[in-house]
Amino acid sequence: MRSKLKVETQLNSYTAVPLKSLAMLLLMCILASGCGADSEEISSTGGSEKKSSISNTKQWEGVADGYISTGEPTTDRIELFVRIGKLLAAAHVYRSRAEEFLSVRDPSLEQISTAKFRVAGALDDELLISIAAIEPVIQAKMIESKQQFALHGLLLELSDNQQISDIINGDRAQRDKQLAARQKVFVLYDRIHSAVLAFFPSRHEYLLASSALIRQAGDKAAVAVSANGVILNVELLKEASELIDRSIKLDPRNVSFCDSQRLPMRTHKDSIDELLNKMVPLKLGEKLKATASDIYRLAKQAQIAGERFPIKDSSECQ
């Protein structure tokens with residue numbers, strides 16, 4: 001059922017990992033005071049114009065659309081894939097924030113602290129709790145496939161203060177530590193890929209999970225992008241882009257027996273590429289060719305395509 005989107009700012013609880021509590025406080029400071037990367041971007045590009053364009057914009061208003069996954073992830077495979085997709089997107093945000101900081105020359109202690117908080121914030125408590133809930137299901141499936149690994153345990157390692165210090169450390173004398181820290185992210189990618197292949201979503205499951213992820217991206221874009229496409233929040237928009245982009249990785253490339261199976265999948269991926277091309281550049285105050293409306297429209301299209309497929313794939317063609 002469609003519901004009126006209420007734009008609200010929500011804070012995730014960071015009590016389980018002390019570093020995350022500080023991260024959220026600092027991020028809120030950045031958003032509230034205009035300090036940090038976004039404000040530097042404005043001042044370095046003749047920014048009074050961009051400040052004016054942001055202050056004169058209207059917040060997006062409309063109706064959210066797309067699939068809503070509300071099932072129990074231990075029994076609902078679509079919800080399971082939604083959580084795996086969110087984990088993959090968060091892992092890419094974690095990595096990209098770390099890599100962004102590595103380009104900073106001679107960072108100050110304040111910049112280093114800010115970078116740590118940003119990287120830590122990619123793996124928030126909500127994500128950790130959601131993955132902990134599906135860990136037993138994933139482990140049981142992997143044992144069937146003669147594999148054994150943990151996702152939640154690796155996430156805790158990635159959230160460790162020393163790990164984050166190492167992954168943003170651009171000191172070439174500490175290169176080995178930085179590479180080891182980065183390697184943990186690639187291990188996470190590999191484990192996620194193995195889990196997707198082990199569960200092997202049907203076209204029905206993949207498209208509905210993708211629809212749900214794209215809808216959640218729309219929720220972020222509704223805050224991050226104004227009604228006429230002006231970027232108001234770069235961090236949130238990047239998170240939205242990753243949710244859309246990484247949803248493709250949930251597709252295990254099922255064997256197609258006819259165009260009725262092949263074409264909807266191809267159309268969906270082409271639509272994702274087209275939408276993502278409209279969502280650049282990711283700079284504060286810049287104007288995009290897309291808004292939350294376009295994202296929700298794609299989410300709805302994926303939902304319709306997914307619901308037309310049978311729950312389980314078959315060789316039968318319509």
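Let's start with where helix 4 meets helix 9. On the helix 4 side, the contact residues (heavy atoms within 4.5 Å) are Arg 77, Leu 80, Phe 81, Ile 84, Leu 87, Leu 88, Ala 91, His 92, Tyr 94, Arg 95, Glu 99 and Leu 102. Helix 9 answers with Gln 178, Arg 182, Val 185, Phe 186, Leu 188, Tyr 189, Ile 192, Val 196 and Phe 199. By class, that contact has 15 nonpolar, two polar and four charged residues. Nonpolar here is Ala, Val, Leu, Ile, Met, Phe, Trp, Tyr, Cys and Pro; charged is Asp, Glu, Lys and Arg; the others, Gly among them, are polar.

This is a predicted model: local features need pLDDT of at least 70, side-chain atom pairs 80 or more, while totals for chains, interfaces and linings use all residues. Numbering runs from 1 along each chain as its sequence is written, and side-chain values use heavy atoms, without hydrogens or water.

Helices are DSSP runs (H or I, at least four residues), numbered from the N terminus. Now the geometry. The axes of helix 4 (residues 77–102) and helix 9 (residues 175–199) come within 11 Å and cross at roughly 160°. Axes are lines fitted to C-alpha atoms over the stretch in contact, with angles from 0 to 180 degrees between N-to-C directions. So helix 4 is roughly antiparallel to helix 9 (over 145 degrees). Their crossing is left-handed: the near helix is turned anticlockwise from the far one by less than a right angle.

Second pair. Helix 10 (residues 203–224) and helix 13 (residues 292–308) have axes that come within 8 Å and cross at roughly 165°. That makes helix 10 roughly antiparallel to helix 13. Helix 10 also passes helix 13 in a left-handed crossing.

Terms used:
Helices (H or I, at least four residues) and strands (E, at least two) are DSSP runs, numbered from the N terminus. Angles under 35 degrees count as roughly parallel, over 145 as roughly antiparallel, 65 to 115 as roughly perpendicular and the rest as oblique.
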